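Subject: Handing over a structure, with notes

Dear colleague,

I am passing this structure on to you, and I would be grateful if you could read the notes below with the model open beside them.

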Amino acid sequence: MKIHRIKAVMRRHLYDIRHNIDRSMDVFYWPIIDVIVWGFFSFYISTNNTFGPSIINFLMGAIILWSIFYAFQRDFAVGFLEELWSRNLLNIFSTPITMWEYLTGVASISIFKIIIGSFTASLCALIFYSFNIFPHILLLIPYVLNLLFFAAAIGICITALILRYTTKVQILAWSFAGLLQPVSCVFYPLSSLPQWLQSIAWFLPTAHAFEGMRQVLTDSTFSSTYFWWALILNIFYFPISLVIFKKTFEATKIRGLLVKLT
Amino acid sequence: MVVEVKNLTKRFADFTAVDNISFSMGKGEIVGFLGPNGAGKTTTIHMLLDLITPSGGEISIFGKDFRKHREEILQQMNFASPYVSLPYRLTVFENLMVFACIYNIEHPKKRIEELLEMFEIADLQDEPAGTLSSGQNTRVGLCKSLLNKPKLLLLDEPTASLDPEISHHVREILLRIREQENTSILYTSHNMAETENICDRIVFLNHGKIIADGTPIEITKAILNEERNEPALEEVFFRVIKDTKTI
Ligand SMILES: Nc1ncnc2c1ncn2[C@@H]1O[C@H](COP(=O)(O)OP(=O)(O)O)[C@@H](O)[C@H]1O
Ligand SMILES: [Mg+2]
(Lines give C-alpha, C1' and ligand atoms only; values in the text may rest on other atoms or scores of the structure.)
(Ligands and ions follow the chains in the order given, each with its own letter.)
Protein backbone atom coordinates (compact mmCIF):
# COMPACT_ATOMS: atom_id res chain seq x y z
CA MET A 1 0.00 0.00 0.00
CA LYS A 2 1.37 3.37 -1.00
CA ILE A 3 -0.05 6.34 0.87
CA HIS A 4 0.33 8.79 -2.02
CA ARG A 5 -1.90 6.66 -4.21
CA ILE A 6 -4.57 6.47 -1.50
CA LYS A 7 -4.35 10.23 -1.14
CA ALA A 8 -4.73 10.64 -4.90
CA VAL A 9 -8.03 8.74 -4.79
CA MET A 10 -9.18 10.96 -1.92
CA ARG A 11 -8.20 14.04 -3.87
CA ARG A 12 -10.22 12.86 -6.85
CA HIS A 13 -13.34 12.54 -4.70
CA LEU A 14 -12.75 15.81 -2.88
CA TYR A 15 -12.66 17.62 -6.21
CA ASP A 16 -15.87 15.84 -7.10
CA ILE A 17 -17.62 16.94 -3.91
CA ARG A 18 -16.62 20.48 -4.73
CA HIS A 19 -18.16 20.34 -8.20
CA ASN A 20 -20.96 17.91 -7.80
CA ILE A 21 -24.14 18.90 -6.08
CA ASP A 22 -25.22 15.23 -5.88
CA ARG A 23 -22.23 14.29 -3.80
CA SER A 24 -22.52 17.25 -1.45
CA MET A 25 -26.21 16.39 -1.03
CA ASP A 26 -25.06 12.94 0.04
CA VAL A 27 -23.05 14.55 2.80
CA PHE A 28 -25.68 16.87 4.28
CA TYR A 29 -29.06 16.66 2.68
CA TRP A 30 -30.36 13.21 3.59
CA PRO A 31 -28.92 13.02 7.11
CA ILE A 32 -30.54 16.35 7.96
CA ILE A 33 -33.86 15.66 6.23
CA ASP A 34 -34.08 12.28 7.95
CA VAL A 35 -33.47 13.78 11.35
CA ILE A 36 -36.07 16.44 10.77
CA VAL A 37 -38.79 14.11 9.47
CA TRP A 38 -38.25 11.42 12.06
CA GLY A 39 -37.89 14.04 14.72
CA PHE A 40 -41.38 15.37 14.07
CA PHE A 41 -42.72 11.87 14.02
CA SER A 42 -41.12 10.78 17.25
CA PHE A 43 -42.03 14.05 18.89
CA TYR A 44 -45.61 13.35 17.92
CA ILE A 45 -45.76 9.82 19.30
CA SER A 46 -43.84 10.67 22.44
CA THR A 47 -46.48 13.21 23.38
CA ASN A 48 -49.43 11.09 22.35
CA ASN A 49 -48.98 7.67 23.77
CA THR A 50 -47.48 5.41 26.29
CA PHE A 51 -43.93 5.06 25.00
CA GLY A 52 -42.91 8.10 26.92
CA PRO A 53 -40.12 10.45 25.99
CA SER A 54 -37.50 7.71 25.48
CA ILE A 55 -38.96 6.95 22.05
CA ILE A 56 -37.51 10.15 20.71
CA ASN A 57 -34.06 9.06 21.79
CA PHE A 58 -34.43 5.65 20.13
CA LEU A 59 -35.59 7.09 16.88
CA MET A 60 -33.10 9.93 16.72
CA GLY A 61 -30.21 7.66 17.64
CA ALA A 62 -31.44 5.07 15.14
CA ILE A 63 -31.69 7.52 12.29
CA ILE A 64 -28.24 8.98 12.89
CA LEU A 65 -26.56 5.59 13.17
CA TRP A 66 -28.46 4.15 10.23
CA SER A 67 -27.41 7.13 8.10
CA ILE A 68 -23.81 6.31 8.91
CA PHE A 69 -24.24 2.66 7.94
CA TYR A 70 -26.15 3.49 4.79
CA ALA A 71 -23.73 6.16 3.57
CA PHE A 72 -20.64 4.07 4.09
CA GLN A 73 -21.87 1.01 2.21
CA ARG A 74 -23.24 3.19 -0.58
CA ASP A 75 -20.04 5.19 -1.06
CA PHE A 76 -17.95 2.16 -2.04
CA ALA A 77 -20.20 1.29 -4.93
CA VAL A 78 -20.93 4.87 -5.96
CA GLY A 79 -17.22 5.71 -5.93
CA PHE A 80 -16.64 2.85 -8.33
CA LEU A 81 -19.67 3.76 -10.45
CA GLU A 82 -18.33 7.29 -10.84
CA GLU A 83 -15.24 5.89 -12.57
CA LEU A 84 -17.35 3.60 -14.67
CA TRP A 85 -19.78 6.32 -15.76
CA SER A 86 -16.93 8.60 -16.74
CA ARG A 87 -15.05 5.81 -18.56
CA ASN A 88 -12.06 6.37 -16.31
CA LEU A 89 -11.51 2.78 -15.15
CA LEU A 90 -8.78 2.01 -17.66
CA ASN A 91 -6.95 5.22 -16.83
CA ILE A 92 -6.99 4.32 -13.16
CA PHE A 93 -6.14 0.66 -13.34
CA SER A 94 -3.37 1.13 -15.88
CA THR A 95 -1.50 3.02 -13.16
CA PRO A 96 0.38 1.15 -10.42
CA ILE A 97 -2.57 1.61 -8.06
CA THR A 98 -3.88 -1.60 -6.54
CA MET A 99 -7.52 -2.40 -5.95
CA TRP A 100 -6.89 -2.25 -2.20
CA GLU A 101 -5.36 1.21 -2.38
CA TYR A 102 -8.30 2.30 -4.46
CA LEU A 103 -10.85 0.92 -1.98
CA THR A 104 -8.97 2.39 0.98
CA GLY A 105 -9.01 5.80 -0.70
CA VAL A 106 -12.75 5.60 -1.33
CA ALA A 107 -13.38 4.44 2.25
CA SER A 108 -11.28 7.24 3.74
CA ILE A 109 -13.07 9.97 1.88
CA SER A 110 -16.40 8.42 2.82
CA ILE A 111 -15.47 8.40 6.53
CA PHE A 112 -14.57 12.04 6.23
CA LYS A 113 -17.96 12.82 4.65
CA ILE A 114 -19.77 10.75 7.26
CA ILE A 115 -18.12 12.54 10.17
CA ILE A 116 -19.20 15.91 8.78
CA GLY A 117 -22.69 14.67 7.85
CA SER A 118 -23.50 12.92 11.09
CA PHE A 119 -22.11 15.76 13.16
CA THR A 120 -24.44 18.15 11.35
CA ALA A 121 -27.39 15.80 11.72
CA SER A 122 -26.67 15.38 15.44
CA LEU A 123 -26.52 19.12 15.83
CA CYS A 124 -29.92 19.44 14.14
CA ALA A 125 -31.36 16.81 16.47
CA LEU A 126 -30.05 18.80 19.40
CA ILE A 127 -31.31 22.14 18.18
CA PHE A 128 -34.74 21.05 16.96
CA TYR A 129 -35.62 18.23 19.32
CA SER A 130 -33.27 18.64 22.28
CA PHE A 131 -31.96 15.17 21.57
CA ASN A 132 -28.35 15.31 22.69
CA ILE A 133 -26.37 12.38 21.35
CA PHE A 134 -23.00 13.87 22.28
CA PRO A 135 -22.82 12.65 25.91
CA HIS A 136 -23.43 9.09 24.63
CA ILE A 137 -20.82 9.19 21.93
CA LEU A 138 -18.09 7.39 23.80
CA LEU A 139 -20.36 4.41 24.48
CA LEU A 140 -21.80 4.48 20.96
CA ILE A 141 -18.48 4.51 19.14
CA PRO A 142 -17.82 0.76 19.47
CA TYR A 143 -21.21 0.12 17.84
CA VAL A 144 -20.61 2.72 15.16
CA LEU A 145 -17.31 1.04 14.34
CA ASN A 146 -19.11 -2.26 14.01
CA LEU A 147 -21.66 -0.65 11.71
CA LEU A 148 -18.86 0.77 9.57
CA PHE A 149 -17.14 -2.58 9.51
CA PHE A 150 -20.25 -4.35 8.28
CA ALA A 151 -21.08 -1.52 5.86
CA ALA A 152 -17.63 -1.97 4.32
CA ALA A 153 -18.26 -5.68 3.81
CA ILE A 154 -21.62 -4.97 2.17
CA GLY A 155 -20.26 -2.10 0.06
CA ILE A 156 -17.36 -4.22 -1.16
CA CYS A 157 -19.71 -7.06 -2.15
CA ILE A 158 -21.99 -4.69 -4.04
CA THR A 159 -18.98 -3.23 -5.83
CA ALA A 160 -17.98 -6.76 -6.78
CA LEU A 161 -21.46 -7.34 -8.20
CA ILE A 162 -21.18 -4.15 -10.24
CA LEU A 163 -17.80 -5.29 -11.53
CA ARG A 164 -19.39 -8.50 -12.66
CA TYR A 165 -22.80 -7.35 -13.87
CA THR A 166 -21.98 -3.70 -14.67
CA THR A 167 -24.52 -0.89 -14.44
CA LYS A 168 -27.37 -3.40 -14.75
CA VAL A 169 -27.12 -3.84 -10.98
CA GLN A 170 -26.03 -0.34 -10.04
CA ILE A 171 -29.32 0.28 -8.24
CA LEU A 172 -28.08 -2.05 -5.50
CA ALA A 173 -25.74 0.72 -4.36
CA TRP A 174 -28.75 2.60 -3.07
CA SER A 175 -31.24 -0.16 -2.40
CA PHE A 176 -29.52 -3.15 -0.89
CA ALA A 177 -29.25 -1.64 2.58
CA GLY A 178 -33.02 -1.26 2.57
CA LEU A 179 -33.31 -5.03 2.44
CA LEU A 180 -31.26 -5.31 5.61
CA GLN A 181 -33.10 -2.58 7.43
CA PRO A 182 -36.16 -4.53 8.66
CA VAL A 183 -34.04 -7.36 10.07
CA SER A 184 -31.45 -5.00 11.52
CA CYS A 185 -34.01 -3.79 14.07
CA VAL A 186 -33.07 -0.20 13.52
CA PHE A 187 -36.25 1.37 14.88
CA TYR A 188 -37.65 -1.33 17.16
CA PRO A 189 -36.26 -3.92 19.56
CA LEU A 190 -35.29 -7.31 18.25
CA SER A 191 -37.94 -8.91 20.46
CA SER A 192 -40.67 -7.34 18.35
CA LEU A 193 -39.73 -9.45 15.31
CA PRO A 194 -41.43 -12.79 14.69
CA GLN A 195 -39.35 -15.70 15.97
CA TRP A 196 -38.05 -16.84 12.58
CA LEU A 197 -36.89 -13.33 11.68
CA GLN A 198 -35.23 -13.00 15.05
CA SER A 199 -33.07 -15.99 14.27
CA ILE A 200 -31.96 -14.30 11.04
CA ALA A 201 -31.37 -11.01 12.81
CA TRP A 202 -28.93 -12.64 15.21
CA PHE A 203 -26.59 -13.14 12.29
CA LEU A 204 -26.49 -9.46 11.41
CA PRO A 205 -23.93 -7.24 13.14
CA THR A 206 -26.33 -4.35 12.54
CA ALA A 207 -29.03 -5.94 14.74
CA HIS A 208 -26.59 -6.29 17.62
CA ALA A 209 -25.31 -2.76 17.14
CA PHE A 210 -28.80 -1.27 17.26
CA GLU A 211 -29.79 -3.33 20.30
CA GLY A 212 -26.64 -2.06 21.97
CA MET A 213 -27.42 1.47 20.92
CA ARG A 214 -30.85 1.36 22.52
CA GLN A 215 -29.33 0.15 25.75
CA VAL A 216 -26.83 3.03 25.73
CA LEU A 217 -29.59 5.53 25.08
CA THR A 218 -31.95 4.10 27.74
CA ASP A 219 -29.70 3.62 30.73
CA SER A 220 -26.24 4.71 29.58
CA THR A 221 -24.74 1.27 29.99
CA PHE A 222 -22.62 -0.59 27.52
CA SER A 223 -23.37 -4.20 26.69
CA SER A 224 -20.20 -6.03 25.80
CA THR A 225 -22.31 -8.98 24.64
CA TYR A 226 -23.85 -7.01 21.79
CA PHE A 227 -20.51 -5.48 21.01
CA TRP A 228 -18.67 -8.81 20.84
CA TRP A 229 -21.39 -10.51 18.86
CA ALA A 230 -21.32 -7.75 16.27
CA LEU A 231 -17.53 -7.83 16.15
CA ILE A 232 -17.27 -11.62 15.83
CA LEU A 233 -19.81 -11.62 13.01
CA ASN A 234 -17.87 -8.84 11.32
CA ILE A 235 -14.61 -10.71 11.68
CA PHE A 236 -16.37 -13.51 9.89
CA TYR A 237 -18.06 -11.44 7.13
CA PHE A 238 -15.39 -8.90 6.29
CA PRO A 239 -12.70 -11.32 5.05
CA ILE A 240 -15.38 -13.12 3.03
CA SER A 241 -16.23 -9.87 1.29
CA LEU A 242 -12.55 -9.29 0.50
CA VAL A 243 -12.21 -12.76 -0.96
CA ILE A 244 -15.37 -12.30 -3.05
CA PHE A 245 -14.02 -9.01 -4.30
CA LYS A 246 -10.57 -10.34 -5.10
CA LYS A 247 -11.98 -13.32 -6.98
CA THR A 248 -14.41 -11.14 -8.91
CA PHE A 249 -11.70 -8.65 -9.83
CA GLU A 250 -9.47 -11.45 -11.08
CA ALA A 251 -12.31 -13.03 -13.02
CA THR A 252 -13.12 -9.63 -14.53
CA LYS A 253 -9.60 -9.33 -15.86
CA ILE A 254 -9.67 -12.86 -17.22
CA ARG A 255 -12.96 -12.33 -19.05
CA GLY A 256 -11.76 -8.96 -20.28
CA LEU A 257 -14.75 -7.26 -18.65
CA LEU A 258 -12.84 -4.43 -16.98
CA VAL A 259 -12.09 -3.19 -20.45
CA LYS A 260 -15.68 -3.67 -21.61
CA LEU A 261 -17.03 -1.69 -18.68
CA THR A 262 -15.84 1.52 -20.27
CA MET B 1 15.03 -5.14 -24.13
CA VAL B 2 12.23 -2.95 -22.81
CA VAL B 3 9.46 -5.36 -23.70
CA GLU B 4 9.72 -9.06 -24.33
CA VAL B 5 6.58 -10.98 -25.08
CA LYS B 6 6.71 -14.73 -25.55
CA ASN B 7 3.87 -16.90 -26.81
CA LEU B 8 1.26 -14.51 -25.53
CA THR B 9 -2.27 -15.84 -25.96
CA LYS B 10 -5.69 -14.59 -25.02
CA ARG B 11 -8.79 -16.69 -25.36
CA PHE B 12 -12.25 -15.36 -24.58
CA ALA B 13 -14.35 -18.49 -24.04
CA ASP B 14 -13.68 -20.39 -27.29
CA PHE B 15 -12.56 -17.37 -29.31
CA THR B 16 -8.83 -16.71 -29.60
CA ALA B 17 -8.24 -12.96 -29.78
CA VAL B 18 -4.45 -13.11 -29.47
CA ASP B 19 -2.82 -16.25 -30.74
CA ASN B 20 0.61 -17.16 -29.47
CA ILE B 21 2.44 -13.97 -30.39
CA SER B 22 6.06 -13.14 -29.56
CA PHE B 23 7.74 -9.80 -30.13
CA SER B 24 10.11 -7.44 -28.42
CA MET B 25 10.82 -3.73 -28.23
CA GLY B 26 14.15 -2.04 -27.67
CA LYS B 27 14.95 1.13 -25.79
CA GLY B 28 13.81 4.24 -27.64
CA GLU B 29 12.11 2.19 -30.32
CA ILE B 30 8.77 3.20 -31.80
CA VAL B 31 6.87 0.10 -32.80
CA GLY B 32 3.67 0.27 -34.81
CA PHE B 33 0.98 -2.28 -34.17
CA LEU B 34 -0.92 -2.61 -37.40
CA GLY B 35 -3.78 -4.79 -38.41
CA PRO B 36 -7.46 -4.75 -39.35
CA ASN B 37 -10.22 -4.26 -36.80
CA GLY B 38 -10.41 -7.16 -34.43
CA ALA B 39 -6.80 -8.23 -35.08
CA GLY B 40 -6.02 -8.23 -31.34
CA LYS B 41 -4.04 -4.99 -31.04
CA THR B 42 -6.03 -3.47 -28.19
CA THR B 43 -6.26 -6.78 -26.35
CA THR B 44 -2.47 -7.08 -26.48
CA ILE B 45 -2.02 -3.54 -25.15
CA HIS B 46 -4.45 -4.27 -22.34
CA MET B 47 -2.50 -7.37 -21.41
CA LEU B 48 0.65 -5.25 -21.22
CA LEU B 49 -1.19 -3.06 -18.68
CA ASP B 50 -2.62 -5.86 -16.54
CA LEU B 51 -6.13 -4.84 -17.52
CA ILE B 52 -6.66 -8.24 -19.11
CA THR B 53 -5.07 -11.42 -17.80
CA PRO B 54 -3.42 -13.49 -20.55
CA SER B 55 -4.48 -17.10 -21.07
CA GLY B 56 -0.89 -18.06 -21.68
CA GLY B 57 2.60 -16.81 -22.41
CA GLU B 58 5.07 -14.52 -20.74
CA ILE B 59 5.44 -10.77 -20.53
CA SER B 60 8.64 -9.23 -19.36
CA ILE B 61 9.03 -5.45 -19.16
CA PHE B 62 12.25 -3.63 -18.26
CA GLY B 63 13.77 -7.07 -17.89
CA LYS B 64 11.34 -8.10 -15.15
CA ASP B 65 8.45 -10.49 -15.03
CA PHE B 66 5.36 -8.31 -15.35
CA ARG B 67 3.14 -10.36 -13.12
CA LYS B 68 5.62 -10.33 -10.25
CA HIS B 69 6.61 -6.65 -10.50
CA ARG B 70 3.37 -5.06 -11.61
CA GLU B 71 3.48 -1.90 -9.47
CA GLU B 72 7.11 -1.14 -10.08
CA ILE B 73 6.74 -1.63 -13.83
CA LEU B 74 3.48 0.32 -14.24
CA GLN B 75 5.05 3.23 -12.36
CA GLN B 76 7.32 3.69 -15.38
CA MET B 77 4.71 3.08 -18.05
CA ASN B 78 1.71 4.95 -19.28
CA PHE B 79 -1.16 4.59 -21.69
CA ALA B 80 -3.52 6.67 -23.75
CA SER B 81 -6.53 5.91 -25.87
CA PRO B 82 -9.25 8.21 -27.19
CA TYR B 83 -11.79 5.61 -26.09
CA VAL B 84 -11.34 6.37 -22.42
CA SER B 85 -12.04 9.68 -20.75
CA LEU B 86 -11.63 11.44 -17.45
CA PRO B 87 -14.17 12.21 -14.68
CA TYR B 88 -16.38 14.78 -16.34
CA ARG B 89 -16.96 17.19 -13.50
CA LEU B 90 -13.32 17.62 -12.61
CA THR B 91 -11.43 20.24 -14.55
CA VAL B 92 -8.61 19.24 -16.87
CA PHE B 93 -6.09 20.51 -14.36
CA GLU B 94 -7.69 18.64 -11.45
CA ASN B 95 -7.81 15.42 -13.41
CA LEU B 96 -4.17 15.66 -14.33
CA MET B 97 -3.36 16.53 -10.73
CA VAL B 98 -5.00 13.31 -9.54
CA PHE B 99 -2.86 11.25 -11.90
CA ALA B 100 0.23 13.25 -11.01
CA CYS B 101 -0.42 12.27 -7.39
CA ILE B 102 -0.96 8.61 -8.26
CA TYR B 103 2.46 8.63 -9.94
CA ASN B 104 3.87 10.73 -7.12
CA ILE B 105 5.68 13.04 -9.51
CA GLU B 106 7.67 16.04 -8.31
CA HIS B 107 6.45 19.57 -8.99
CA PRO B 108 3.14 18.33 -10.41
CA LYS B 109 1.81 21.81 -11.19
CA LYS B 110 4.80 22.73 -13.26
CA ARG B 111 4.75 19.42 -15.10
CA ILE B 112 1.04 19.74 -15.91
CA GLU B 113 1.45 23.28 -17.23
CA GLU B 114 4.41 22.20 -19.32
CA LEU B 115 2.41 19.39 -20.92
CA LEU B 116 -0.71 21.46 -21.54
CA GLU B 117 1.53 24.03 -23.18
CA MET B 118 3.17 21.37 -25.31
CA PHE B 119 -0.17 20.13 -26.64
CA GLU B 120 -1.43 23.71 -27.02
CA ILE B 121 -4.37 23.24 -24.70
CA ALA B 122 -3.29 25.46 -21.80
CA ASP B 123 -6.53 27.41 -22.19
CA LEU B 124 -8.53 24.30 -21.32
CA GLN B 125 -7.03 23.75 -17.90
CA ASP B 126 -10.04 25.04 -15.97
CA GLU B 127 -12.66 23.43 -18.21
CA PRO B 128 -14.59 20.45 -16.85
CA ALA B 129 -13.35 17.34 -18.66
CA GLY B 130 -16.94 16.53 -19.65
CA THR B 131 -17.20 19.60 -21.87
CA LEU B 132 -14.22 18.74 -24.08
CA SER B 133 -14.52 17.79 -27.73
CA SER B 134 -13.18 14.36 -28.63
CA GLY B 135 -10.00 15.87 -30.07
CA GLN B 136 -9.42 17.88 -26.91
CA ASN B 137 -10.14 14.83 -24.77
CA THR B 138 -7.54 12.89 -26.76
CA ARG B 139 -4.92 15.55 -26.16
CA VAL B 140 -5.68 15.70 -22.43
CA GLY B 141 -5.34 11.91 -22.40
CA LEU B 142 -1.94 12.27 -24.05
CA CYS B 143 -0.89 14.81 -21.39
CA LYS B 144 -1.95 12.28 -18.77
CA SER B 145 0.12 9.61 -20.48
CA LEU B 146 3.28 11.71 -20.34
CA LEU B 147 2.94 12.97 -16.75
CA ASN B 148 5.33 10.42 -15.26
CA LYS B 149 7.87 10.60 -18.11
CA PRO B 150 7.21 6.94 -18.92
CA LYS B 151 9.98 4.76 -20.23
CA LEU B 152 7.36 2.76 -22.08
CA LEU B 153 4.34 4.40 -23.60
CA LEU B 154 1.39 2.44 -25.02
CA LEU B 155 -0.80 4.42 -27.37
CA ASP B 156 -3.97 2.87 -28.74
CA GLU B 157 -5.03 4.80 -31.84
CA PRO B 158 -3.83 8.07 -30.32
CA THR B 159 -4.62 10.14 -33.36
CA ALA B 160 -7.97 8.58 -34.27
CA SER B 161 -9.99 11.65 -33.38
CA LEU B 162 -7.50 14.35 -34.33
CA ASP B 163 -7.48 16.45 -37.47
CA PRO B 164 -4.43 16.02 -39.73
CA GLU B 165 -2.71 19.14 -38.48
CA ILE B 166 -3.00 18.31 -34.77
CA SER B 167 -2.23 14.70 -35.46
CA HIS B 168 0.97 15.81 -37.17
CA HIS B 169 1.80 17.99 -34.17
CA VAL B 170 1.24 15.06 -31.81
CA ARG B 171 3.61 12.88 -33.82
CA GLU B 172 6.24 15.59 -33.66
CA ILE B 173 5.89 15.73 -29.89
CA LEU B 174 6.22 11.97 -29.63
CA LEU B 175 9.34 11.96 -31.79
CA ARG B 176 10.86 14.75 -29.71
CA ILE B 177 10.12 12.89 -26.48
CA ARG B 178 11.69 9.76 -27.85
CA GLU B 179 14.74 11.86 -28.77
CA GLN B 180 14.98 13.47 -25.34
CA GLU B 181 13.96 10.68 -23.00
CA ASN B 182 14.64 7.60 -25.05
CA THR B 183 11.04 6.51 -24.52
CA SER B 184 9.89 3.30 -26.15
CA ILE B 185 6.49 3.69 -27.78
CA LEU B 186 4.01 1.08 -28.91
CA TYR B 187 1.60 2.68 -31.29
CA THR B 188 -1.54 1.34 -32.92
CA SER B 189 -3.20 3.13 -35.76
CA HIS B 190 -5.35 2.66 -38.82
CA ASN B 191 -3.55 5.44 -40.61
CA MET B 192 -0.87 3.75 -42.68
CA ALA B 193 0.85 6.94 -43.77
CA GLU B 194 1.37 8.14 -40.23
CA THR B 195 2.54 4.72 -39.10
CA GLU B 196 5.03 4.63 -41.94
CA ASN B 197 6.59 7.91 -40.97
CA ILE B 198 6.72 7.59 -37.19
CA CYS B 199 7.50 3.93 -36.60
CA ASP B 200 10.93 2.33 -36.67
CA ARG B 201 9.34 -1.04 -36.87
CA ILE B 202 5.97 -2.54 -37.63
CA VAL B 203 4.36 -5.59 -36.10
CA PHE B 204 1.55 -6.68 -38.38
CA LEU B 205 -1.29 -8.57 -36.70
CA ASN B 206 -4.15 -10.40 -38.30
CA HIS B 207 -6.65 -12.67 -36.53
CA GLY B 208 -4.54 -12.57 -33.41
CA LYS B 209 -1.37 -13.72 -35.14
CA ILE B 210 1.75 -11.81 -36.11
CA ILE B 211 2.04 -12.13 -39.85
CA ALA B 212 5.05 -9.85 -40.29
CA ASP B 213 7.53 -8.00 -38.10
CA GLY B 214 10.15 -5.60 -39.47
CA THR B 215 10.84 -2.11 -40.76
CA PRO B 216 8.11 -0.64 -42.97
CA ILE B 217 10.11 -1.45 -46.08
CA GLU B 218 10.82 -5.01 -44.94
CA ILE B 219 7.15 -5.55 -44.23
CA THR B 220 6.19 -4.16 -47.59
CA LYS B 221 8.57 -6.48 -49.43
CA ALA B 222 7.60 -9.49 -47.34
CA ILE B 223 3.86 -9.22 -47.70
CA LEU B 224 3.65 -7.91 -51.26
CA ASN B 225 6.27 -10.47 -52.11
CA GLU B 226 8.08 -8.25 -54.60
CA GLU B 227 11.01 -5.81 -54.76
CA ARG B 228 10.14 -2.27 -53.59
CA ASN B 229 12.12 0.89 -52.83
CA GLU B 230 9.48 2.65 -50.77
CA PRO B 231 7.28 1.31 -47.98
CA ALA B 232 3.65 0.94 -49.05
CA LEU B 233 1.76 -0.06 -45.94
CA GLU B 234 -1.61 0.83 -47.32
CA GLU B 235 -1.14 -1.63 -50.13
CA VAL B 236 0.10 -4.17 -47.60
CA PHE B 237 -3.01 -3.66 -45.56
CA PHE B 238 -5.36 -4.27 -48.49
CA ARG B 239 -3.38 -7.30 -49.54
CA VAL B 240 -3.68 -8.80 -46.09
CA ILE B 241 -7.43 -8.26 -46.01
CA LYS B 242 -7.88 -9.69 -49.51
CA ASP B 243 -5.81 -12.76 -48.71
CA THR B 244 -7.75 -13.34 -45.53
CA LYS B 245 -11.02 -13.23 -47.41
CA THR B 246 -9.96 -15.75 -50.01
CA ILE B 247 -8.83 -18.22 -47.38
N1 LIG C 1 -13.79 -8.98 -23.38
C2 LIG C 1 -13.92 -9.61 -24.55
N3 LIG C 1 -14.73 -10.68 -24.65
C4 LIG C 1 -14.86 -11.34 -25.81
N5 LIG C 1 -14.24 -11.00 -26.96
C6 LIG C 1 -13.43 -9.92 -26.93
C7 LIG C 1 -13.23 -9.17 -25.73
N8 LIG C 1 -12.36 -8.16 -26.01
C9 LIG C 1 -12.05 -8.29 -27.32
N10 LIG C 1 -12.69 -9.33 -27.86
C11 LIG C 1 -12.57 -9.78 -29.26
O12 LIG C 1 -11.21 -9.97 -29.55
C13 LIG C 1 -10.93 -9.55 -30.87
C14 LIG C 1 -9.76 -8.60 -30.86
O15 LIG C 1 -10.20 -7.35 -30.36
P16 LIG C 1 -9.24 -6.10 -30.24
O17 LIG C 1 -8.02 -6.50 -29.52
O18 LIG C 1 -10.05 -5.01 -29.65
O19 LIG C 1 -8.92 -5.78 -31.76
P20 LIG C 1 -8.22 -4.51 -32.43
O21 LIG C 1 -7.83 -3.57 -31.35
O22 LIG C 1 -7.06 -5.06 -33.19
O23 LIG C 1 -9.24 -3.92 -33.36
C24 LIG C 1 -12.20 -8.97 -31.44
O25 LIG C 1 -12.81 -9.94 -32.25
C26 LIG C 1 -13.04 -8.71 -30.22
O27 LIG C 1 -14.42 -8.86 -30.51
MG1 LIG D 1 -8.43 -1.57 -31.01
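The notes below begin with conventions and then go through the ligand site, the annotated spans and several individual residues.

This is a predicted model, in which local features need pLDDT of at least 70 and side-chain atom pairs count only at pLDDT 80 or more, while totals for chains, interfaces and linings use all residues. Residues are numbered from 1 along each chain as its sequence is written, chains are lettered from A and ligands numbered from 1 in the order in which they are written, and side-chain values use heavy atoms, with hydrogens and water left out.

**The ligand site**

Taken alone, ligand 1 exposes 560 Å², and the protein buries 72% of that, with accessible areas coming from the Shrake-Rupley method with a 1.4 Å probe.

**Annotated spans**

An unreviewed UniProt entry lists several stretches of chain A as "transmembrane region", including residues 27–45 and 137–164; such annotations may be inferred rather than shown by experiment. In the model, residues 27–45 of chain A are 100% helix and 0% strand, with end C-alpha atoms 28 Å apart, and residues 137–164 of chain A are likewise 100% helix and 0% strand, with end C-alpha atoms 39 Å apart. For chain B, the UniProt annotation "domain: ABC transporter", also from an unreviewed entry, covers residues 3–232, a span that is 35% helix and 26% strand and whose end C-alpha atoms lie 27 Å apart.

**An enclosed helix in chain B**

Helix α3 (residues 92–102) of chain B is largely enclosed by the rest of the structure, because 11 of its 11 residues are buried; buried means under 20% relative accessible area, exposed over 50%, and partly exposed in between (1.4 Å probe, protein chains only). Its buried residues pack against α1 and α4 (89–93) of chain A, together with α4 (108–118) and α5 (134–146) of chain B. Just after α3(B), B:N104 takes a positive phi of about 55 degrees. In the loop between α3 and α4 of chain B lies B:H107, which has a positive phi of about 45 degrees although it is not a glycine, and which counts as exposed at 56% relative accessibility.

**Individual residues of chain A**

Is A:D16 buried or exposed? A:D16, which lies in helix α1 (residues 3–19) of chain A, counts as buried at 2% relative accessibility. Leaving aside neighbours within four places in sequence, A:D16 is in contact (heavy atoms within 4.5 Å) with A:R23, A:E82, B:R89 and B:L90.

A:A201, found in helix α8 (residues 195–201) of chain A, counts as buried at 0% relative accessibility. Not counting residues up to four places away in sequence, A:A201 touches A:V183, A:C185, A:L190, A:L193 and A:A207; A:A201 and A:V183 are 18 residues apart in sequence and 5.3 Å apart in space, C-alpha to C-alpha.

A:S130, by contrast, is exposed, with a relative accessible area of 61%; A:S130 lies in the loop between α5 (99–129) and α6 (137–165) of chain A, and its phi is near 50 degrees, a positive value in a residue other than glycine.

With best wishes

How values were computed
Helix = DSSP H or I, 4+ residues; strand = E, 2+ residues; numbered from the N terminus.
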